[in-house]
Amino acid sequence: MKNIFYLAIAMLIVSCSATTTASSQSSQMKKKTLKGTWSLTNIRFVGEEGLYKADLFGIADSPCYKGGEWLFIPNNGTGRFSINGSERCQEGTHRILWSFYESGNGSTELQFKLVDAKNKPLSRDKSGYRMTVESLGESNAVFRVKVDYEGKPFDVVLTLDKVSNEVKL
């Protein structure tokens, strides 16, 4: 009888540890897939028809991000994104700390905080931003950002294409 009890305990421990490893591998695979330099190639709006102004990440209007470069370094969760300059957009590069968040409804979100050169959060309350991962492949990624304009909620969908696997910050 003791042997059956010990066998049951051993099986429970092995099955629990296998589950943990599988879920961490999933997150690790996502990080590995996102690793590299990406270009934001398309921005589209989903919601009621109309004209919208989408201030993304407290920095600039959504069109300013098109053509910008995003860099993700998975081993330390750092990265950056850039905004190309124009008469409506101020050129700039913004450092981030990022990770994946598995929400309770089964979706994955990319969460990030804007940080300084020493990776200290720029916001006093250490808050950040989240984008739902619509798809993530070796050469293409699609993120959905929930925004609000004049009390009307809508989504901004960002499409990124991989440029390189290089990871120089």
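The following questions and answers treat the overall fold and then selected side-chain pairs.

User: On what basis are the values given?

Analyst: This is a predicted model, in which local features need pLDDT of at least 70, side-chain atom pairs count only at pLDDT 80 or more, and totals for chains, interfaces and linings use all residues. Residues are numbered from 1 along each chain as its sequence is written, and side-chain values use heavy atoms, with hydrogens and water left out.

User: How many helices and strands are there in the chain?

Analyst: Helices (H or I, at least four residues) and strands (E, at least two) are DSSP runs, numbered from the N terminus. Read from that end, the elements follow the order α-β-β-β-β-β-β-β-β-β-β. The count is therefore one helix and ten strands.

User: In what order do the eight strands close into a barrel?

Analyst: Two strands pair if DSSP finds at least two bridges between them. Strand β1 (residues 36–46) and strand β10 (residues 152–164), for example, run antiparallel and are joined by nine bridges. Within this pair, phenylalanine 45 stands opposite valine 156 of β10. The pairing in the barrel is antiparallel, and its order is β1-β4-β5-β6-β7-β8-β9-β10.

User: Which residue forms a salt bridge with glutamate 102?

Analyst: A salt bridge requires a side-chain nitrogen of Lys or Arg within 4 Å of a carboxyl oxygen of Asp or Glu. In this pair the N to O distance is 2.9 Å. Glutamate 102 lies in strand β6 (residues 92–102) and its partner in helix α1 (residues 2–34), 72 residues apart. The partner is lysine 30.

User: Is threonine 108 buried or exposed?

Analyst: Threonine 108 belongs to strand β7 (residues 108–115), and its side chain makes a polar contact of 2.9 Å with that of lysine 30. A polar contact is a pair of N or O atoms within 3.5 Å; within protein, one must be able to donate a hydrogen and the other to accept it, and residues adjacent in sequence count only if both atoms are side-chain atoms. Leaving aside neighbours within four places in sequence, its contacts (heavy atoms within 4.5 Å) include Lys30, Glu102 and Met131. Because its relative accessibility is 10%, threonine 108 is buried.

User: Aspartate 61 forms a salt bridge with arginine 88; which parts of the chain does the pair tie together?

Analyst: The closest N and O atoms of aspartate 61 and arginine 88 are 3.7 Å apart. Aspartate 61 is buried, with 18% relative accessible area, whereas arginine 88 is exposed, with 60%. The two residues are 27 residues apart in sequence, so the pair ties together strand β3 (residues 60–61) and the loop between β5 (78–83) and β6.

User: How far apart in sequence are the parts tied together by glutamate 69 and arginine 80?

Analyst: These two residues form a salt bridge, with the closest N and O atoms 2.9 Å apart. Glutamate 69 is partly exposed at 31% relative accessibility, and arginine 80 is buried at 15%. Because glutamate 69 lies in strand β4 (residues 69–73) and arginine 80 in strand β5, the separation of the joined parts is eleven residues.

User: How many salt bridges does a search of the whole structure find?

Analyst: Some of them share partners, and these join Glu134, Arg144, Lys146 and Asp155 into one network. In the whole structure the number found is seven.

How values were computed: Buried means under 20% relative accessible area, exposed over 50%, partly exposed in between (1.4 Å probe, protein chains only).
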